[in-house]
Amino acid sequence: EIHVKEPIEKEVNPRLLPGELLLCEASTVYKYVQEDGSNRGTYGKLVCTNFKISFLDDDSASDDNEPQFKNKIVGENDITLQCVDQIYGVYDEKKKLLTGQLRKYPETLIIYCKDLRVFNFCLRYTKEEEVKRIVSGIVHHSQTPKLLKRLFLFSYASAAPNNADGRNQTVMFETLEDWRDELERTKGNVKYKAVTTNEGYRVSEKLPLYFVVPICISEDSILKYEGRGIPIWCWSCHNGAALLKMSSFPKEQDDSTSQMQKAFLDGIYKTISKPPYELLRLDDLSSSLPSLQDIQTAYTRFKQLFLIDNSTDFWATDVKWFSLLESTNWLEIIRRVLKKAIEVAECLEIQHTNVLLIEESATDLCCVISSLVQVMMDSYSRTKSGFQSLIQKEWVIGGHNFLDRCNHLHKSEKEEAPVFLLLLNCVWQLVQQYPPAFEFTETYLTVLSDSLYVPIFSTFFFNSQHQRDTNKSGESLKTQSGPFRFLTVWDWSVQFDPKALAFLNNPLYAEKPKPDRSQRKTARFKHQRQLSLPLTQAKPSTKRGFFREETDHLIKNILGKRIGKFINSSDEPPNSLREFYDSWHSKPVDYHGLLLPRIDGPEIKVWAQRYLRWIPEAQLHGGGTIATAAKILDLMEEVQSLQVKMDEEHSQAVSGDVHSVPLLRNSARLSSLFPFALLQRQSVKPALPTSTWKDLEDEDDLVKRDDEFVDLSGDML
């Protein structure tokens, strides 16, 4: 049985951006609603442009159902071509991956997105010619290799008026002055200098125009090996110790070349190990952290847990949630990266030692570790403008290969790896452990991860500053000729209106250090998808460090060898590091000082908002962090209105500069998946013969009472 919403009679046309062209379309397409097992859905038109795939139904024509958190560029039924992960066709109830030329066309099209949405389109009622055009068009434009200049980024830049917000406070690090200001801010200008050696990219196309090196490094040294073997400055600690990075020499070289390079490196190390420089510690990240291939493999497995077609699939995998989650190894990689950042922080903070991170290109894991260390040690990097400036410095100008790592051009899957997403996952761990320390919210991190796939911003669509600069020149429709004027993702007003922007700012951000750490309580869940892997049945002792696990026979007996192997997966680190970690966690948190993440097994959690936001079964009605935030925003607006009244009573001059925040009334009815998914009805559990449902029956009544206020003090989704 199919529950049909009658086909629309009025013509619905897509809203096209400047430079966006309609390529193909199909009418009478039926879009399934996925949250239950029925074939419920709605009829509409499926279109493909040079920017996105879009489904248009009669609701698309009206503004009555506007969500409170609306993206002005990408709607809820829009998929940018770069956001398409895989496309499957259903032939006689069998799924088949669609690539290249198609001989036979499917009756159902399933699109899996990189932001983890899943779209099911039934094409049975669509004309055969339209099916051929739309399926071929979608597969061709989203899955086949393309040239850089064919990205929508260039079409948009040449057609759109440049109305960029000039009030953006993000430091772009495109000028020599920006680097000198950063040196002065971190007091690093005594021992380090910004150099212009690479002007015109005469040293290397992979290096930025301007960068910072130790004062003792000569221009000839920088030029000798195209910048390889040169320590490049990232950041200076308050005690003078600095974080540096260096691209290593290729390992496969003939003996004479290797000897020359070794002698060159020895000379560099000796030069920067003498006063006024601190002692130097080398850290080769290629040997101490997982490879990019390991990271890609782990994430590919991990994301499959969330690309769920229907409610039955959700509940079928729910009983195996913990073993599936552990087998991906994604949380373990996050833990290892955070642990490495703690090691570097200990060297800088306690041992007053310079740390030199070494990697083949110094543009992948070097970016992750250097960014994490700065977020942990520099409170400026925990403000919104500071964090954005950090991403510009270490990633955009630093030369991370966004184009290759995100595979935007579908050139090579071998180069693909979610390195930037790994950083955001690590930062999220800190944000959820120490919310008052950050000016931005997890919603900010989520929309930042989504922006990776929106090709109207240049931020994440080039491999280097050189590539961006050389592709800037081109014909513009508005000015006849001249360079393209690309938008930056940091101008959030392009994507969101002021009401939506309020969700990106943390209302509980601590302007001044607070001595007390907030104590979090555990919470039970309706489903098994708890956000971390358990080590014990109860909350672990805060005294238990992540370095040494006691030989607890009870734990081994209960949890078996599988979890035991997970616990002991890391080598025993030195005593000084263990003491540093335990000592810091035994003291109250200074939200404007050093932050160390808790990285015991259960402390590393799944980023629920990003990964579970499209799954209705995983929502908490009236619960989660967003309901807490809604209550706080309510109180803030009430306080502001009372302040205005007091000002009116005590003064004739009333200030007109009070910025109100959006009022989210009746927040107990919000879902924990808000603002990305609105409150949806509770899905029906399938009748599967497992003992799990018996355990869940006792909680059914609580979930159904979604009109009641739910205690928000627990650590929920």
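The structure is a predicted model. The chain contains 23 helices and 14 strands, and 56% of its 717 residues are buried. Of the contacts in the chain with a separation of 6 or more, 74% are between residues 24 or more positions apart.

**Nonpolar cores**

- The largest nonpolar core comprises 162 residues, and Ile111, Phe387 and Ile456 have the most contacts inside it.
- Helix α10 gives the most to this core, contributing 12 residues.
- Because domain 1 (22–144) and domain 2 (189–245 + 255–303 + 310–503) both give residues to this core, it lies between them.
- As a general background, nonpolar side chains in soluble globular proteins tend to be buried together.

- Strand β8 (residues 118–122) is largely enclosed by the rest of the structure, because five of its five residues are buried.
- Val118, Asn120 and Cys122 point one way from β8, whereas Phe119 and Phe121 point the other way; all are buried.
- In a regular strand, side chains alternate between the two faces of the sheet.
- Strand β7 (residues 108–113) runs antiparallel to β8 and is joined to it by five bridges; Ile110 has Asn120 of β8 as its bridge partner.
- The hairpin formed by β7 and β8 has four residues between the strands, and Leu116 in the turn has a positive phi of about 75 degrees.
- Strand β1 (residues 22–32) is also antiparallel to β8, with two bridges joining them; here Lys31 has Phe121 as its bridge partner.

- Strand β11 (residues 232–236) is antiparallel to β12, and four bridges join them.
- Strand β14 (residues 354–359) is parallel to β12, and five bridges join them.
- Leu243 is the bridge partner of Trp235, and Leu243 also has Val355 of β14 as a bridge partner.
- Five residues lie between the strands in the hairpin of β11 and β12, where Gly240 takes a positive phi near 100 degrees.

**The β5–β6 hairpin**

- Strand β5 (residues 84–91) and strand β6 (residues 94–97) pair in the antiparallel sense over four bridges, and Tyr88 has Leu97 of β6 as its bridge partner.
- Two residues lie between these strands in their hairpin, in which Asp92 takes a positive phi near 50 degrees.

- Helix α19 (residues 575–585) has Leu577, Arg578, Phe580, Tyr581, Trp584 and His585 buried.
- Viewed down the axis of α19, these buried residues fall within an arc of 160 degrees, so they line one face of the helix.
- The buried residues of α19 pack against α10 (330–349).
- Gln304 belongs to helix α7 (residues 292–304) and, with a relative accessibility of 42%, counts as partly exposed.
- The C-alpha atom of Gln304 is separated by 9.9 Å from that of Leu324, a residue 20 positions away along the chain.

**Aromatic pairs**

- The whole structure holds 43 aromatic pairs.
- In one of these pairs, the rings of Phe387 and Phe440 have centres 4.9 Å apart and planes at 40 degrees, so the pair is tilted.
- Phe387 lies in helix α12 (residues 384–396) and Phe440 in the loop between α14 (419–433) and α15 (442–450), so the pair ties together parts that are 53 residues apart in sequence.
- Phe387 and Phe440 are both buried.
- The rings of Trp607 and Tyr611 have centres 6.2 Å apart and planes at 90 degrees, so this pair is edge-to-face; Trp607 and Tyr611 are buried.
- Trp607 and Tyr611 belong to one aromatic cluster that also contains Tyr299, Phe302, Phe306, Trp321, Trp330 and Trp428.

Methods. Residues numbered from 1 in each chain as written. Predicted model: local features only at pLDDT ≥ 70, side-chain atom pairs only at ≥ 80, totals over all residues. Heavy atoms only, no water. Buried < 20%, exposed > 50% of the residue type's maximum accessible area, 1.4 Å probe, protein only. Arc of directions from axis to C-beta. Contact = heavy atoms within 4.5 Å. Pairing = 2+ DSSP bridges. Core = buried A, V, L, I, M, F, W, Y, C linked by side-chain atoms within 4.5 Å. Domains from an automatic or database assignment. Phe/Tyr/Trp six-rings, centres within 6.5 Å; stacked < 30°, edge-to-face > 60°.
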